Amino acid sequence: MKLKYTTLILSGALLLSAASCKKDLVDINKNPNNSQTAQPDYLLTAASKVTADTYWGTANNMDASLLFVQYWAKIQYTDPDRYIYSNSAFQELWTVGYSKSIVNLNQIIKLGDAQGNTNYKGVALVLRSWVFTLLTEAYGNIPYKQAANIDQYLTPAYDTQKDVYFALLDDLKAAQAALDPSGKAIAGDVIYGNNIALWKKFANSLRLRIALRIADREPAKAKQVLADIQTEGGSYISANTETAQFTYVDSPNQNPISNLFDTRDDYRISKTIVDKLFALNDPRLPVYASKTKDATPQTYVGIPNGLLVGDASNLGFTKTSKPGTYFLAPHAPAVIISYAETLFDQAEAVARGFIAGDAAALYKQAVTASLKQYSIADADIATYTSLPAVQYDATNYKKSIGEQKWIALFGQGLEGFTEWRRLDYPQLQPAVAGTLSGKLPVRFIYPGTEQSLNGVNYKAAVASQGADVLTTKLWFDVN
């Protein structure tokens, strides 16, 4: 017994010693000069950068949405251009969106509340709403309600796209109320540099965008959203200088497209958009496309989407056009929502009878804003906007707005993809050697990890929405 008692004392002493050492190690490893809690300014910069990178980067933009809406095409490794993807191909938007963007933005919201700084909360709500729109417009039904607390909900339930949109409209209304230009300053804002008045415009512009997303399904709700903005005395992005965008700097923080083209040569501009720009004598062609390296009769040569590898490479790397140097520059911005888009949206809202105004005038202003975005000369703008093929057709506003908006959104693959599905213009043809039986993709497939790690909720989402394939239409995509 004495031996056992001695052993217990020694064991207890060792445990107490280990606990004491652990506490000492924790204390030693604390840097007295650093905060143990992440600060909202650092989180805001990080969330903005990581979201912009995935929004403008390879997996979701260059290898998917830019190909789907035929802004770009592939000249080698053409599987994505033929709609051939693994179940991990669309992992990045999901993983970054939830585990980096939304997690950081949720923390900023909490810190904003704790610090009594409503502007941090408002900005984080705006950005989080944008991230959720990217997710739901790519996949459809997604986790929203339970995504606010990932520690509590490791396998979150999915919400319907309708419920997500309605919740985001509530979030953006709350953001609008929280944002106060006379309130406390924020730091780490790499989009608007602490100009809270512009964040309020950004919030309203997103509300307008979402209102149109739901317009074919819930027109009364869409109209009410715009009435609420008017009642609040709110305004939208109203100049190219107010465009919401993330502007890149030098390497290693350069534009993802610039970074890729430093070492790879997989992409060309699509023949679809080159043909359209030629047909309209559109002055944006030299901005959107580079001249062919070897002299060619056309100077700018796009390639058809979805060619077999041999057929694509046979067109010649030096005889086809890369995207324009504007988009390949290290500092080229990742545009979130432009002045031109906001004008197109207002024109459509008038055409639908949601707000008062002159749809034709707003449409012309939108086309003009897009041209000015790329420094097109006033004389060229006047010539272009007077063309019969460019002028607004009130009998088919979806065609007029859809085609010109498609041109204006060049580079914004995810946004162009959503608007093409919603407005049904331009009327694109499937990839030449596509693998979807003559159809085009209308969504991303869920990441394979959702099947293995969140299987019950994944199956419920698929049962509600439809098969987890590229051709299943989402709730907002009516026609």
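**Close-up 1. Pro-426 in the loop between α18 and α19.** In this predicted model, Pro-426 is part of the loop that runs between α18 (413–423) and α19 (448–453). The peptide bond joining Tyr-425 to Pro-426 is cis. Its omega is about -5°.

**Close-up 2. The cis peptide bond between Ser-251 and Pro-252.** Omega for the bond that joins Ser-251 and Pro-252 is about 10°. Pro-252 is located in a loop, with β2 (244–246) on one side and α9 (256–261) on the other. Most peptide bonds are trans.

**Close-up 3. Asn-281, a residue with positive phi.** Asn-281 is not a glycine, yet its phi is positive, at about 50°. The residue lies between α10 (271–279) and α11 (285–288), in the loop. The relative accessible area of Asn-281 is 66%. Asn-281 is therefore exposed, as the cut-off for that class is over 50%.

**Close-up 4. Ser-375 in the loop between α15 and α16.** Ser-375 is found in the loop between the helix α15 (359–373) and the helix α16 (378–385). Phi of Ser-375 is positive, near 60°, and the residue is other than glycine. Most residues other than glycine have a negative phi. With a relative accessibility of 67%, Ser-375 counts as exposed.

How values were computed. Residues are numbered from 1 along each chain as its sequence is written. This is a predicted model: local features need pLDDT of at least 70, side-chain atom pairs count only at pLDDT 80 or more; totals for chains, interfaces and linings use all residues. Side-chain values use heavy atoms; hydrogens and water are left out. Helices (H or I, at least four residues) and strands (E, at least two) are DSSP runs, numbered from the N terminus. Buried means under 20% relative accessible area, exposed over 50%, partly exposed in between (1.4 Å probe, protein chains only).
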